[in-house]
Amino acid sequence: MDTHVPQLPPIQVTELDLDGPEGAVLSFGPALEAAEPAADGDVYALVRLRGRPVATIVCHVPPGEDPATTVAAAAHAHLKGTRPAGDDRTAGPADGPPPRVSVVIATRERADQLARALDSLLVQDHPGFEIVVVDNAPVTGATQDLVEHKYADRVRYAREAVPGLAIAHNRGVAVAEGEVIAFTDDDVVADRQWLSALTAPFAADPGLGCTTGLILPAKLGTPAQILLESHGGFAKGFAPRTYDPADPPADEPLFPFTAGSFGSGANMAFRASALRAIGGFDPATGTGTPARGGDDLYAFVSVLAAGHRLRYTPEALVWHHHRETWRDLTNQAYGYGAGLTAYLTALLVRRPALLPALLRKLPRGLAHARTITAHRDSEGAVVPGAHGAQDHPWPRHLSRLERRGMLAGPFGYARARRRVRGVPLPWDRDNR
């Protein structure tokens, strides 16, 4: 079995802001303030146009050359003759003030990472929001101490004793007071405009049930981090897009079952009434359960199945700290596969009306699954790839693990359902 770890040099993660596709450099530097300034070597850069994210590029800075000049030249070449991506079904201008928002972060024994995420949330430019930390099945008091001492009166603390990301999110839904509920993870750093960009579409479109945003790597320092990003990472591109169940996209024949193309759980928001109407997240899905994942995918499809629209908005940006070790990556590959089929199983169990549509699309769906999990040779340079491109390296060992996870997902979901059987949902417990 091919299990050797590829030897890949680190890639610096930076940001470049330009005055236009071929314009002057407005700013250049590391993506996160705590990172070292860019130097020679391989560079991964988020390119902005007057603050708006429009592309990512990878280039090499030769020794002795100015990184800003080199990256700007690569960005100009990439953007030459292009226009910022758009969408002919975008929401109109907002009518009235932005919605009151609750931001929910579920966490478990990662107080240091949580503090970094909370610091980025507390400086958001949104005019009205609360932050709720859900401490999931804690074994120590570290998270509670952090929230109640360092962030007293600025962050709310809630405890959820039953393990699992979905049920922790449901605890957040139960205590959230906002008209919109946004979710992110404890291993992200949010861009200052993240919350405003993620939630503004709800004011503009009364039929919108969910939004998702752009997720980029905070660091690409280890082979595991680079390979995850080269597999597509979490990014969904730079074109805003609205998914409407009344007008299915012609370029996505598996819609709405390719929920992974809509976004990811580290950067999503729901109209609270829509999320509660579908019963929240399936508690037998998500990290921390035998299902291993799928909680976000289940919610996306359920909201669409209820008739609501879903919007992807790349201006809502968070930087995600990918796991660093090879063991982390192998666990993640297996979990991706398991979560995919677990969420599909959850849909069939909880929303059987979707069965005819799923059966019609099953053959094409199996072919799609084989494509996205396929082994790809790592000839040449290994660089982060565009979402959905499927043309960047993915080792055979990880491909096998992902497919093995897909086979195990339905059984994992069944075990998870048995574990939570008889456990009331958080809002039902609160009403007893």
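Helices and strands are taken here as DSSP runs numbered from the N terminus, with at least four residues (H or I) for a helix and at least two (E) for a strand. On this basis E109 falls in the loop between strand 5 (101-107) and helix 2 (111-121). The structure is a predicted model. The chain contains 12 helices and 13 strands. Of its 432 residues, 54% count as buried. Contacts between residues at least 6 apart in sequence were also considered, and 78% of them join residues at least 24 apart.

Backbone geometry is described next. In general, most residues other than glycine have a negative phi, and most peptide bonds are trans. E109 has a positive phi, near 55°, and is a residue other than glycine. E109 is partly exposed, because its relative accessible area is 28% and the range for that class lies between 20% and 50%. R50 likewise carries a positive phi, near 50°. This residue, R50, sits in the loop between strand 3 (41-49) and strand 4 (52-61). With a relative accessible area of 55%, R50 is exposed, since the cut-off for that class is over 50%. A cis peptide bond links F255 to P256, with omega near 5°. P256 is placed in the loop between strand 11 (241-243) and strand 12 (267-271).

The side chain of E15 forms a polar contact with the side chain of R48, at 2.6 Å. Leaving aside residues up to four places away in sequence, E15 touches S27, F28, G29, P30, A31, L46, R48 and W319.

Helix packing was examined for two pairs. Two packed helices are described by the angle between their axes and the distance between the axes. For helix 2 and helix 3 (residues 142-150), the angle is about 35° and the axes are 10 Å apart. The crossing of helix 2 and helix 3 is right-handed. On the side of helix 2, the residues that meet helix 3 are A111, L114, A115 and D119, and their counterparts in helix 3 are A142, T143, L146, V147 and K150. By class, this contact of helix 2 with helix 3 comprises 6 nonpolar, 1 polar and 2 charged residues.

The second pair is helix 6 (residues 223-230) and helix 9 (residues 326-350), whose axes come within 8 Å and cross at roughly 25°. Helix 6 and helix 9 are therefore roughly parallel to each other, because angles under 35 degrees are placed in that class. Helix 6 passes helix 9 in a right-handed crossing. A224, L227 and L228 of helix 6 meet W326, L329, Q332 and Y336 of helix 9. The residues of this contact of helix 6 with helix 9 divide into 6 nonpolar, 1 polar and no charged.

Individual positions within helices were then considered. A117 lies in helix 2 and is buried, with a relative accessible area of 1%. A117 touches D185, D186 and V188, not counting residues up to four places away in sequence. A117 and V318 are 201 residues apart in sequence, and their C-alpha atoms are 9.9 Å apart in space. T345 belongs to helix 9. T345 counts as buried because its relative accessibility is 18%. Apart from residues up to four places away in sequence, T345 touches P410 and Y413.

Helix 4 (residues 165-175) is mostly covered, with 10 of its 11 residues buried. The buried residues of helix 4 are L165, A166, I167, A168, H169, N170, R171, G172, V173 and V175.

Conventions:
Residues numbered from 1 in each chain as written. Predicted model: local features only at pLDDT ≥ 70, side-chain atom pairs only at ≥ 80, totals over all residues. Heavy atoms only, no water. Polar contact = N/O pair within 3.5 Å; in protein donor to acceptor, adjacent residues only side chain to side chain. Contact = heavy atoms within 4.5 Å. Axes fitted to C-alpha atoms, helices over the stretch in contact; angles between N-to-C directions. Parallel < 35°, antiparallel > 145°, perpendicular 65-115°, else oblique. Left-handed = near helix turned anticlockwise from the far one by under 90°. Nonpolar A, V, L, I, M, F, W, Y, C, P; charged D, E, K, R; others polar. Buried < 20%, exposed > 50% of the residue type's maximum accessible area, 1.4 Å probe, protein only.
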